[in-house]
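We'll hop from one spot to the next, and I'll say what to look for at each.

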Amino acid sequence: MGSVSLKIGDGTARFRRATLCSSAVHLLMLASVITTNLFALYAFTAAPSPSYPSAPSTVPHPGAGVGGGHRNLSVISEHVALIVREIEASERRLHQIERELAGYDTLDPAKPSLPPELRLFLARHRLPLGRDARSGITEMVASVAHSCGRSPAADLLARYMSYKPAALCPADDPSLPQKLIAKACEPLPRRRCLSRPTALAATAAPRLPFPQSLWSPGVKNPGAGMYGLDKQLWIMPRGKNDFSIDDVLALGSGGIRIGFDIGGGAGNFAARMAERNVTVITSTLEIGGKPMNEFVAARGLFPLLLSPTQRFPFYDSVFDLVHTMNALDEGGAPELGQASRTEALEFLMFDIDRVLRAGGLLWLDNYLCTDDERKRMVTKLIERFGYKKLKWVVGEKADARNTAKTQVYLSAVLQKPARG
């Protein structure tokens, strides 16, 4: 069975591909509907048979017809009440099955199989000063995504929280946070173990002061190309899709002071902006096991271990500039479907719009559209936000894997309008 999309206003709700368990739910729902219709048919067609005396009277008793009608209505009401109770019971059972399938109830702190530290973290903690007068809450509840309760994330989370309190953290789990984030298990629980120095930090050379550290971080380059040091990007345009940083900053009329680079790799964009007194936060994952966050920090920049599937941990309208190269294709998550799905891109775009201030700039930098159909879809989505197109360039480049095929790239600088 395929996936199902439900259009609600301007958004789209997407449901997961059917499994054996979900097929059982569908069969249960079908059986409930059939039972309900049978009860209704019986209620409105099976009237009670009148009882006649041995010598029927030819003169009807006054009000006999009225009394028979009341008896029929009473029987029908009883059947309707029974139908309603059956429907309510079926709905409660279906709701419970859906919760079990979705994994909402799997992180029960009372489960003995949970590691003690995870059980302690998930437990409700009473506020030390009692009830909060403003919010009315009396307890604090831990923040763990329900995806953490589903396999294989549940097994990874158990390993992540299996440690001795106040001792060194396990040495065999440096990649566990990355794996959990990839399974949509975020935010991760806090832990009470001492972090170990990474191999990169242990072998690092003495670090130079800022701003020399921007291009001489004193640690091994974790990759090449866009994932390593690149001193030519945004300085020497290589094609019509490449914009220079100075040209884009000029479009901001001097109002660009703080920015957010989504999926910024090694932080080259933030480094170039830092040379121009613009503070840029770089979100990056540990790509291929490479310590990208530590490398960005060694350059004197601000790294943020964050998946694009997660709501950005920033207040509304705080950034003057949002920059992204490939992150529009990293917005997929198990809950949202594949990364190329329209709704996954919508969730990401709406959160970008939320953190960008009115008048701020959204820089789509050489976004790979794959084909014209993808370009039209992205263009239509962008136009829904009403952004002003300050720069808009669509170009083609040869596919590195197939020289006979070309790929469509979109570069744009868009200005967010003032609304309301």
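Which residue has its charged end over the ring of Y160? Select R191: its charged end sits 4.1 Å from the centre of that ring. A charge counts as sitting over a ring if NZ of Lys or CZ of Arg is within 6 Å of the ring centre and within 35 degrees of the ring normal.

Before moving on, some housekeeping. This is a predicted model, in which local features need pLDDT of at least 70 and side-chain atom pairs count only at pLDDT 80 or more, while totals for chains, interfaces and linings use all residues. Residues are numbered from 1 along each chain as its sequence is written, and side-chain values use heavy atoms, with hydrogens and water left out.

Next, pick R299 and W215. Here R299 lies over the face of W215, at 4.8 Å from the ring centre.

**Ring pairs**

The structure holds 9 aromatic pairs. Rings of Phe, Tyr and Trp (its six-membered ring) pair if their centres lie within 6.5 Å; planes under 30 degrees apart count as stacked, over 60 as edge-to-face and the rest as tilted. Select W234 and F269: the ring centres are 5.3 Å apart and the planes meet at 80°, so this pair is edge-to-face. W234 is in the loop between α6 (199-202) and α7 (245-251), while F269 belongs to helix α8 (residues 268-274), so the pair ties together parts 35 residues apart in sequence. (Helices, H or I of at least four residues, and strands, E of at least two, are DSSP runs numbered from the N terminus.) Both W234 and F269 are buried, where buried means under 20% relative accessible area, exposed over 50% and partly exposed in between (1.4 Å probe, protein chains only).

Now go to F260 and F314. Their ring centres are 5.1 Å apart with planes at 70°, so they are edge-to-face. F260 sits in strand β5 (residues 258-262) and F314 in the loop between β7 (302-305) and β8 (319-324), 54 residues apart. F260 is buried at 1% relative accessibility, and F314 is buried at 17%.

**Into the core**

What else is around F314? One of its contacts is L304, in strand β7, where contact means heavy atoms within 4.5 Å. L304 also touches I281, N293 and P313, among others.

F260 and F314 are also among the residues that touch the most other members of the largest nonpolar core, which has 30 residues. Such a core is a set of buried Ala, Val, Leu, Ile, Met, Phe, Trp, Tyr and Cys residues joined through side-chain atoms within 4.5 Å. Colour α10 (342-355) next, as the largest share of this core, 5 residues, comes from there. Then select L362, whose contacts include V322, M349, I352 and Y387. A separate core of 24 residues includes A271, V296, L321 and M325.

**Last stop: a polar spot**

Select N366 in strand β9 (residues 356-368). N366 is buried, at 8% relative accessibility. Its side chain makes a polar contact of 2.9 Å with that of D242 and another of 3.0 Å with that of D365. (A polar contact is a pair of N or O atoms within 3.5 Å; within protein, one must be able to donate a hydrogen and the other to accept it, and residues adjacent in sequence count only if both atoms are side-chain atoms.) Also touching N366 are several residues from elsewhere in the sequence, including M325, K397 and Y409.

Key. Lists of a residue's contacts leave out its neighbours within four places in sequence.
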